[in-house]
Every structure is written in C-alpha cells, then in structure tokens.
Amino acid sequence: MPGTPRFLTLADVAEVLNTSSAQVYALVRRGDLPAIKIGGRGQWRVESAQLEQFIERMYAETRTFVDEHPYVEAERPE
C-alpha cells in the first residue's frame, strides 16, 4: 500500500472499517485483529498488512456464511 503508514492507530483503523474505535479496541482485545502495544502509555497500533489480512478473513467468513445460509425471499400474499 504505497503512501500508507506501516502502523495505524485504533482511530485510523476505525475510519478504514467505518466503525467505532471502541469496536476496533474490542476486536484487538479479543485477538481477532492482531495489534501491538507501544510506549509508556500503552498505545495500540495495528500493522497495515494485518488490517488487510483481517479484511480478507472477514470476506472469506462472510462468503462461507452466505453459502451456508442462502437468502430466501418471503412469498408475498396475493
């Protein structure tokens, strides 16, 4: 990803995923999204490559879910 920093803050990740920082923090704390804790104040950082891998995993999981749970339109009463 040219021009993209190697490490992102949780707020940066939240912006990319269009979700809240709290949701990203939960993903990190559950271990769903690998991250590192740096500095004396323990700030979290997510590597850009890890974020891309996470997104690809979510696409794969979603495809599996859709395949296993096909959408069936409800019949309309006449």
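Predicted model: local features only at pLDDT ≥ 70, side-chain atom pairs only at ≥ 80, totals over all residues.
1. The side chain of arginine 45 makes a polar contact, at 3.1 Å, with the side chain of glutamine 43. Arginine 45 is buried and yet has no salt bridge, the nearest side chain of opposite charge being that of aspartate 12, 6.7 Å away. Not counting residues up to four places away in sequence, arginine 45 touches Phe7, Leu8, Thr9, Ala35, Ile36 and Ile38.

2. Strand β3 (residues 43–47) and β1 run antiparallel and are joined by two bridges, and in β3 the bridge partner of leucine 8 is valine 46.

3. Which residues touch the most other members of the largest nonpolar core? That core has 13 residues, and those with the most contacts to other members are Val13, Val24, Val28, Leu33, Val46 and Leu51. The elements giving two or more residues to this core are α1 (10–17), α2 (21–30), β3 and α3. As general background, nonpolar side chains tend to be buried together in soluble globular proteins.

4. Leucine 51, one of the core residues named above, is found in helix α3 (residues 48–68). Its relative accessible area is 2%, and leucine 51 is therefore counted as buried. When its neighbours within four places in sequence are left aside, leucine 51 is in contact with Leu8, Val13, Val16, Leu17, Leu33 and Val46; two of these, leucine 8 and valine 46, are the bridge partners already mentioned. The C-alpha atoms of leucine 51 and valine 24, which stand 27 residues apart along the chain, are separated by 11 Å.

5. Asparagine 18 deserves a separate look. This residue is found in the loop between α1 and α2, and although it is not a glycine, asparagine 18 has a positive phi of about 55°. Most residues other than glycine have a negative phi. Is asparagine 18 buried or exposed? With a relative accessible area of 73%, asparagine 18 is exposed.

6. The salt bridges in the model come to a count of two. In one of them, arginine 6 pairs with glutamate 47, with the closest N and O atoms 2.8 Å apart. This pair links distant parts of the chain, since arginine 6 lies in the segment before β1 and glutamate 47 in strand β3, 41 residues apart. Arginine 6 counts as exposed because its relative accessibility is 56%, whereas glutamate 47, with a relative accessible area of 22%, is partly exposed.

7. The side chains of aspartate 32 and arginine 30 also meet in a salt bridge, at 2.9 Å from N to O. Aspartate 32 has a relative accessibility of 32% and so counts as partly exposed, while arginine 30, with a relative accessible area of 53%, is exposed. Side chains of opposite charge can pair when their charged atoms come close; arginine 45, by contrast, is buried and has no salt bridge.

Terms used
Residues numbered from 1 in each chain as written. Heavy atoms only, no water. Helix = DSSP H or I, 4+ residues; strand = E, 2+ residues; numbered from the N terminus. Buried < 20%, exposed > 50% of the residue type's maximum accessible area, 1.4 Å probe, protein only. Contact = heavy atoms within 4.5 Å. Pairing = 2+ DSSP bridges. Lys, Arg positive; Asp, Glu negative; His and termini not counted. Salt bridge = Lys/Arg side-chain N within 4 Å of Asp/Glu carboxyl O. Polar contact = N/O pair within 3.5 Å; in protein donor to acceptor, adjacent residues only side chain to side chain. Core = buried A, V, L, I, M, F, W, Y, C linked by side-chain atoms within 4.5 Å.
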